[in-house]
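Visitor: Hey, I've just opened this one and would like a quick tour. Can you walk me through it?

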Amino acid sequence: MTPPAPITAAELKQLLDAPNPPRLIDVREPSEWTGELGHIAGAELIPLGTVQANAAKVKGEPREIISICKMGGRAAQAAQFWANQGLKVRVLSGGMTAWNAAGLPTTKEP
């Protein structure tokens with residue numbers, strides 16, 4: 001099975017500013033969610049180790065899912081799981097590191 005496609009930070013920002021934005025799922029740990037890199041407003045936290053246990057939260061999602069982590073590795077693992085469930089998913093290329101490097105907005109709210 002082919003791995004889920006990447007999406008750049010700039011491409012994601014355009015999607016978020018458009019009608020019908022994708023569903024953002026951040027698979028980092030809670031300490032990273034509120035840590036130095038923060039997270040994208042509107043994202044939800046489902047740490048990688050809990051993705052399978054939380055499959056029901058994502059099952060049947062009609063929107064595209066964007067999987068997010070620090071650099072892209074964990075997000076790719078979660079994205080592959082969701083893709084195997086028949087969901088449309090892409091991975092934020094370079095993760096929150098790339099998002100921050102692009103100067104895009106973040107929040108550190110729990």
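Guide: One term before we start: two strands pair if DSSP finds at least two bridges between them. With that in hand, β2 and β4 run parallel and are joined by four bridges. Keep in mind that this is a predicted model.

Visitor: OK, what's the strand order in the open sheet?

Guide: It goes β1-β5-β4-β2-β3, five strands with parallel pairing. The edges are β1 (5-7) and β3 (44-45), each of which pairs on one side only.

Visitor: How many bridges join β2 to β3?

Guide: Two, and those strands run parallel. Strand β2 covers residues 23-26. Ile25 stands opposite Glu44 in β3, and the bridge partner of Asp26 in β3 is Leu45. Towards β4, Leu24 stands opposite Ile66.

Visitor: And the two faces of β2, covered or open?

Guide: Both are covered. Arg23 and Ile25 are buried on one side, Leu24 and Asp26 on the other. As background, side chains in a regular strand alternate between the two faces of the sheet.

Visitor: Which strands does helix α1 touch?

Guide: Helix α1 (residues 9-17) packs on the sheet and touches β1, β2, β4 (65-68) and β5 (89-92). Its direction makes about 75° with that of β1.

Visitor: Zooming out, what's the overall pattern along the sequence?

Guide: β-α-β-α-β-α-β-α-β-α, which comes to five helices and five strands.

Visitor: What's the radius of gyration?

Guide: It's 13 Å for the protein chain, close to the 13 Å that the globule rule gives for 110 residues, so the chain is as compact as a globular protein of that length. Along its principal axes the C-alpha trace spans about 35 × 30 × 25 Å.

Visitor: What share of the residues counts as buried?

Guide: 40% of the 110 residues. The chain exposes about 5,800 Å², and carbon and sulfur atoms supply 54% of that. On the contact side, if you take pairs at least 6 apart in sequence, 67% of the contacts join residues at least 24 apart.

Visitor: Switching to charges. How many salt bridges does the structure hold?

Guide: Seven. One of them joins the side chains of Asp26 and Arg28, 2.7 Å from N to O.

Visitor: Are those two buried or exposed?

Guide: Both Asp26 and Arg28 are buried.

Visitor: What does Glu32 pair with?

Guide: Arg74, through a salt bridge of 2.8 Å, N to O. That pair links distant parts of the chain, with Glu32 in helix α2 (residues 30-33) and Arg74 in helix α4 (residues 73-84), 42 residues apart. Arg74 is partly exposed, at a relative accessible area of 25%.

Visitor: And Glu64, which residue is its partner?

Guide: Arg90, with the closest N and O atoms 2.6 Å apart.

Visitor: Why does Glu64 count as buried?

Guide: Its relative accessibility is 12%, and the cut-off for buried is under 20%. Arg90 has 22%, so that one counts as partly exposed.

Visitor: Which residues share partners in a network?

Guide: Arg23, Glu44, Glu61 and Arg63, joined into one network by their salt bridges.

Visitor: Last one. Where does Gly35 lie?

Guide: In the loop between α2 and β3. Gly35 is buried, with a relative accessible area of 18%.

Visitor: How far is Gly35 from Glu11 in space?

Guide: 24 Å from C-alpha to C-alpha, and the two are 24 residues apart in sequence.

Notes. Residues numbered from 1 in each chain as written. Predicted model: local features only at pLDDT ≥ 70, side-chain atom pairs only at ≥ 80, totals over all residues. Heavy atoms only, no water. Contact = heavy atoms within 4.5 Å. Axes fitted to C-alpha atoms, helices over the stretch in contact; angles between N-to-C directions. Salt bridge = Lys/Arg side-chain N within 4 Å of Asp/Glu carboxyl O. Buried < 20%, exposed > 50% of the residue type's maximum accessible area, 1.4 Å probe, protein only. Rg over C-alpha atoms; globule rule 2.2 N^0.38 Å. Areas by Shrake-Rupley, 256 points an atom, 1.4 Å probe, with all protein chains shown as cover.
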